[in-house]
Each structure stands twice: as C-alpha cells, then as structure tokens.
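Here is my note on this model. Please keep the structure open as you read the points.

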Amino acid sequence: MDDDWVEVASGTESQAPGPSVEAPGNSPAKFPGPPAEAPGDPKETAPRPSRHITIGIFSDATASLASHVNRLKSVAKAIFAIVQGMKAAGDDGLVVHIVMAAMRDWCDAAHVFRVYTEEKASIRAGAILPMAYTGAAGQDEHLLRTLDAMASDCQGGGDAPEEYGVGIAAMRDLMRSQRERLGDHSQFAIFVADDAHHGLTDSPDGASSPRLISDNLGEW
C-alpha cells in the first residue's frame with residue numbers, strides 16, 4: 001500500500017483521521033491521507049533572500065535650499081519607520097541603498113557635485129557608491145547628521161539658471177549601475193530644486209563641461 005494513501009475496507013470506519021468511508025462491494029477504497037511531514041522543512045529554515053530598494057536624494061545646494069534640505073529629515077524618518085516595520089514583520093533581508101548628494105553652480109564651487117553618503121569611497125572610485133541602510137544601530141543618526149551637513153553647506157546661487165544637469169546625469173547613472181549590480185528592484189528618485197537648469201554645456205570658461213560624473217565629484 002502506498003504510504004500517502006489510507007486503505008478502508010467495506011463497511012468499516014477509517015482508522016485515519018477524517019470521516020469514515022464506505023466502499024461498494026468488497027473492494028477496498030482509497031483516498032488521500034495527510035501528507036508525510038518532511039523533517040527540517042527547507043522553507044522554514046532557509047534564510048530569506050535579500051531584497052533591495054535604491055533611493056537617491058539629490059538637492060540643489062544654493063542658499064535658498066537650506067530650509068528645504070532640513071525638511072528632508074521627515075522623508076528620512078519615514079524611510080527609517082518603513083524599514084523597521086518591514087523587519088518587524090519578518091523581512092530581515094531588506095537593504096535600502098541610499099545616496100544623499102547635492103549640486104552647486106559652476107560659479108559657486110570647483111566641483112559642482114558632492115556625494116555626502118560614502119563620500120570618500122565615492123571620490124576614490126570615481127563613481128557614486130550608496131550607503132547600505134539596514135536599520136542597524138547608529139545608521140539613523142548618521143543619516144540625519146548627513147542632512148544637517150548638506151543644509152549647512154547651502155550657499156551661493158542667486159544667478160538663475162542653476163547647474164542641475166550634472167545631478168540629473170548622476171541620478172540616471174546611479175539607478176542604471178544599481179540595476180546592473182542588483183538586478184531589477186524598486187528605485188526612487190527625490191530631486192529638490194527651485195529654479196531652471198542650464199544643463200551640461202555651461203562652465204566658467206564657456207566651453208562644454210565634463211560629462212563624466214567622476215570629473216565633477218569632490219569635496220567643498
């Protein structure tokens with residue numbers, strides 16, 4: 001008799017859990033019994049695969065944007081709460097890749113684009129490297145301090161249009177590189193600005209500006 005089946009003779013009650021079954025004649029009747037439980041079900045013991053979300057938070061860093069950058073703290077706190085809630089629900093594999101960066105105009109700084117998260121590593125690599133946020137101890141405070149630094153650095157401007165082209169290109173490159181590295185996943189872009197942009201063709205000497213993000217990364 002198959003292990004996964006229970007045999008019942010005519011006119012008798014099943015010894016297995018469930019209702020009694022009466023078969024016509026003297027032939028035994030078969031019906032599916034409860035499936036055997038495999039020891040150590042891999043669905044329960046295997047670790048959850050990592051899930052990824054990429055969030056880029058880029059802001060104009062001219063003087064008029066300081067208060068707006070400070071308001072981004074509410075966005076950061078919402079991200080913290082969402083991650084904590086998902087982890088509390090058992091989604092331990094969630095990783096949020098966060099980049100906080102800012103742009104200045106050509107007349108305001110030698111480098112028009114600055115990455116505040118993983119800054120030194122990004123400069124060494126000549127590429128934008130996100131911070132892997134998992135809700136670990138100290139990460140919330142670190143990101144809020146990063147926004148404080150971005151707000152305090154806001155200065156200059158007042159000579160519209162502003163240089164947003166480098167930031168737009170950087171956001172595009174960030175999202176593309178993250179897809180190549182992690183595969184398809186949720187991506188969100190937050191771009192804070194208050195003026196028109198003059199693109200990638202304006203520079204102090206009137207020539208076309210460098211189009212590579214690595215040429216524009218630097219500390220202020």
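Are α2 and α4 roughly parallel or roughly antiparallel to each other? Point 2 answers this.

1. **Ground rules.** This is a predicted model, where local features need pLDDT of at least 70, side-chain atom pairs count only at pLDDT 80 or more, and totals for chains, interfaces and linings use all residues. Residues are numbered from 1 along each chain as its sequence is written, and side-chain values use heavy atoms, with hydrogens and water left out. Helices (H or I, at least four residues) and strands (E, at least two) are DSSP runs, numbered from the N terminus.

2. **The helix pair.** Two packed helices are described by the angle between their axes and the distance between the axes. The axes of α2 and α4 come within 9 Å and cross at roughly 165°. Axes are lines fitted to C-alpha atoms, for helices over the stretch in contact, and angles run from 0 to 180 degrees between N-to-C directions. Angles over 145 degrees count as roughly antiparallel, under 35 as roughly parallel, 65 to 115 as roughly perpendicular and the rest as oblique. Therefore α2 and α4 are roughly antiparallel. The α2 side of the contact (heavy atoms within 4.5 Å) includes A66, V69 and F80, and the α4 side includes L143, L147 and M150.

3. **The largest core.** A nonpolar core is a set of buried Ala, Val, Leu, Ile, Met, Phe, Trp, Tyr and Cys residues joined through side-chain atoms within 4.5 Å. Buried means under 20% relative accessible area, exposed over 50%, partly exposed in between (1.4 Å probe, protein chains only). The largest nonpolar core has 25 residues, and V96, M100 and L147 are among those with the most contacts inside it. Strands β3, β4 and β6 and helices α2 and α4 each supply at least two of its residues. Helix α2 gives the most, with 6 residues.

4. **A second core.** A separate core of 15 residues includes F58, A101, F113 and A170.

5. **Residue S59.** S59 lies in strand β3 (residues 51-60). Why does S59 count as buried? Because its relative accessibility is 0%. S59 touches residues including L65, V69 and M150. Its C-alpha atom is separated by 5.8 Å from that of F191, 132 residues apart along the chain.

6. **Helix α5.** Helix α5 (residues 165-182) has 18 residues and reaches 26 Å from its first C-alpha to its last. Among its buried residues are G165, A170 and Q178. The cover over these buried residues includes β3, β4, β5 and β7. Just after α5, G183 takes a positive phi of about 85°.

Terms used. The expected span of a helix is 1.5 Å times one less than its number of residues. Lists of a residue's contacts leave out its neighbours within four places in sequence.
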